[in-house]
Amino acid sequence: MKAISKLVILMVCVAFLTTGCANMSNKQKCFVKGAAAGAVVGGVGGGIVGNENDNNNVEEGAAIGAVAGGIIGGIIGALMCKEPTPPPPPKKEEPKPTPPPKKEPPKVEKPKERIVLRGINFDFDKFNIKPEFKPVLDEAANALKSRPDIVEIMIEGHTDAMGTDAYNQKLSEKRAESVKKYLISKGIPPMQLKAVGFGETKPIAPNKLANGKDNPEGRAMNRRVEFEVIQK
């Protein structure tokens, strides 16, 4: 019986040592535990059987019983073992929704009004205001001063088609500046006035007749100044 006790102690120690191995799977550990338990039970039972049959066969019976019990116990332990449920995968953080782009408020264009001063024309190649046209500008200045809704007055100078484009551009700018200075002298705030020139690019009458000859009347109409007023 001492041999049986030694064998049992040995089996238990082996079970504790092997099941503590970190590299073993859970099913392998269950197999070892079952095999150890089966070996202990089989060894004890085999030793008892060997003792009853023959006193000299105790150790042999214990060994046979331990092997058989270990195999059976290991198989049963492996079959009954349950693998631990793996932890759920970490939840992926949902990306934060991108805020919609801010809509820019639609640009509202300020209303514009065009005033054509038909009575303001210039002599050929001149930009000075003729005396007979000043009453027309005086009336225009009074009308503009009575309009508090006007925030800007665009003074546009024009020429006929005689001369080069570059020369006519400069001449149209000088005509617009002449009218701007006159309106300032009549009390129109300078910050409200803007002078621009368009040269010969915007005629209101043909510079030449259909037969290709010069059209003096048409060219005189094109040597003009127009106003464009921008309201609040």
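Two strands pair if DSSP finds at least two bridges between them. Helices (H or I, at least four residues) and strands (E, at least two) are themselves DSSP runs, numbered from the N terminus. With that in hand: Ile155 has Ala195 in β3 as its bridge partner.

This is a predicted model; local features need pLDDT of at least 70, side-chain atom pairs count only at pLDDT 80 or more, and totals for chains, interfaces and linings use all residues. Residues are numbered from 1 along each chain as its sequence is written, and side-chain values use heavy atoms, with hydrogens and water left out.

**Overall make-up**

- The protein has six helices and four strands.
- Read from the N terminus, the order is α-α-α-β-α-β-α-β-α-β.
- Of the 232 residues, 35% are buried. Buried means under 20% relative accessible area, exposed over 50%, and partly exposed in between (1.4 Å probe, protein chains only).
- Take the contacts (heavy atoms within 4.5 Å) between residues at least 6 apart in sequence: 73% of them join residues at least 24 apart.
- The accessible surface is about 15600 Å², and carbon and sulfur atoms account for 62% of this surface. The areas come from the Shrake-Rupley method with a 1.4 Å probe; for residues, only the protein chains shown count as cover.

**Strand pairing**

- β2 and β4 are antiparallel and share seven bridges. Within β4, Ile230 stands opposite Glu152.
- β2 and β3 run parallel, joined by five bridges.

**Burial of the strands**

- In β4, eight of eight residues are buried.
- In a regular strand the side chains alternate between the two faces of the sheet.
- Both faces of β4 are covered. One side carries Arg224, Glu226, Glu228 and Ile230; the other carries Val225, Phe227, Val229 and Gln231.

**Nonpolar core**

- The largest nonpolar core has 21 residues. Such a core is a set of buried Ala, Val, Leu, Ile, Met, Phe, Trp, Tyr and Cys residues joined through side-chain atoms within 4.5 Å.
- Ile153, Ile155, Val179, Leu183 and Phe227 have the most contacts inside this core.
- At least two core residues come from each of α4 (134-145), β2 (150-157), α5 (165-185), β3 (193-197) and β4 (224-231).

**Rings**

- The whole structure holds zero aromatic pairs. A pair would need ring centres of Phe, Tyr or Trp (its six-membered ring) within 6.5 Å; planes under 30 degrees apart count as stacked, over 60 as edge-to-face and the rest as tilted.
- Lys202 lies over the face of Phe198, 4.1 Å from the ring centre. The test is NZ of Lys or CZ of Arg within 6 Å of the ring centre and within 35 degrees of the ring normal.

**Two loop residues**

- Asp125 sits in the loop between β1 (112-121) and α4. Asp125 is not a glycine, yet has a positive phi of about 65°. Asp125 counts as partly exposed because its relative accessibility is 35%.
- Met162 is in the loop between β2 and α5. Met162 counts as partly exposed because its relative accessibility is 40%.
- Beyond its neighbours within four places in sequence, Met162 contacts Phe124, Asn168 and Arg219.
- Met162 and Asp214 are 52 residues apart along the chain, with C-alpha atoms separated by 9.9 Å.
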